[in-house]
Amino acid sequence: MEAGRVLISEEEIAHRLKEMGDEISRDYRGERLLVVGVLRGAFMVMADLARHISIPVEFDFMAVSSYGSSTKTSGVVRILKDLDEEIAGRHVLLVEDIVDSGLTLDYMLRTLRLRNPSSIELATLLLKEGVQRVPVEARYVGFRIGPEFVVGYGLDYDQLYRNLPYVGVLDEHSLGVC
Ligand code: PRP
């Protein structure tokens, strides 16, 4: 299944995730890191990024979903699956596929900080520029993109396209608006 045009190729993603993994390994040298994937979209980024992290890491997952239509964030976040691990006193790195309005991230950071981790940071493959509705603290950003609707590499439209090995922009025909 193809999706419109390629915005970020498989090779560009692989190269950037290697750089991010190296940077994370340097920043947390001597520490043990809990990498938390934010399901569902982050599963692919997490798997590929983690293979470039060379310090001791553990993994956990949270599943969240925002209410609203499939292409717009409503701002209301639902926790579908909480962490299995306790995070008090631990270094936590959230992994996301995309930060759009920033509301999901804001909610997660506020919720998880109440559990007193030693530190909590975010690594995201994509950050949409200029659309955040709250200030966003993203320490590791793969690519800054425009406002277009993107799919692939974990990102869906109506639950499809997550398996594309690249990030693509859906055309109007695929979105069913023409
Ligand atoms: C996507 C993405 C982020 C969130 C970002 O998840 O994975 O978690 O939206 O949007 P925001 O910055 O506007 O809050 P989504 O709710 O689509 O669920 P999914 O990961 O299951 O696709």
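Guide: Strand β5 is mostly covered, for nine of its nine residues are buried, that is, under 20% relative accessible area, whereas exposed means over 50% and partly exposed lies in between (1.4 Å probe, protein chains only). The model is a predicted one, in which local features need pLDDT of at least 70 and side-chain atom pairs count only at pLDDT 80 or more, while totals for chains, interfaces and linings use all residues. Residues are numbered from 1 along each chain as its sequence is written, and side-chain values use heavy atoms, with hydrogens and water left out. Strands (E, at least two residues) and helices (H or I, at least four) are DSSP runs, numbered from the N terminus.

The protein chain contains four helices and nine strands, which follow one another from the N terminus as β-α-β-α-β-β-β-α-β-β-β-β-α. Of its 178 residues, 47% count as buried. Contacts, meaning heavy atoms within 4.5 Å, may be sorted by sequence distance: of those between residues at least 6 apart, 68% join residues at least 24 apart.

The strand partners of β5 come next; two strands pair if DSSP finds at least two bridges between them. β5 pairs with β2 in the parallel sense, over five bridges, and Leu 33 is found opposite His 91 of β5. With β6, the pairing is again described as parallel and spans eight bridges; here Leu 93 faces Glu 121 in β6.

Within α2 (residues 43–50), the buried residues are Met 44, Val 45, Met 46, Leu 49 and Ala 50. Their cover includes β5 along with α1 (10–27), β2 (33–39), β3 and β6 (119–128).

In total, 17 residues surround the ligand, the closest being Glu 96, Asp 97, Ser 101, Gly 102 and Thr 104; a residue is near the ligand if one of its heavy atoms lies within 4 Å of it. Several polar contacts, pairs of N or O atoms within 3.5 Å, may be described individually. One places an N or O atom in the side chain of Asp 97 at 2.6 Å from an oxygen atom of the ligand. Asp 156 has a polar side-chain atom 3.2 Å from a ligand oxygen, and a polar backbone atom of Arg 40 is 3.1 Å from an oxygen atom of the ligand. The ligand has 500 Å² of accessible area on its own, and the protein covers 88% of it, the areas coming from the Shrake-Rupley method with a 1.4 Å probe. Two or more residues of the shell are given by each of β3 (57–66), β5 (91–99) and α3 (103–113). β5 supplies the largest share, four residues. By type, the shell residues divide into four nonpolar, seven polar and six charged. In that division Asp, Glu, Lys and Arg are charged, and Gly is among the polar residues.

Most residues other than glycine have a negative phi, and most peptide bonds are trans. The bond joining Leu 39 and Arg 40, however, is cis, with omega about 0 degrees, and Arg 40 belongs to the loop between β2 and α2. Asn 116, not a glycine, has a positive phi of about 60 degrees; it sits in the loop between α3 and β6 and is exposed, at a relative accessible area of 55%. Tyr 161 also shows a positive phi, near 80 degrees. Its place is the loop between β8 and β9, yet Tyr 161 counts as buried, with 10% relative accessibility.

Finally, another sheet may be set beside this account. β1 is joined to β9 (residues 167–169) by three bridges, and Arg 5 has Val 169 of β9 as its bridge partner.

Key. Polar contact = N/O pair within 3.5 Å; in protein donor to acceptor, adjacent residues only side chain to side chain.
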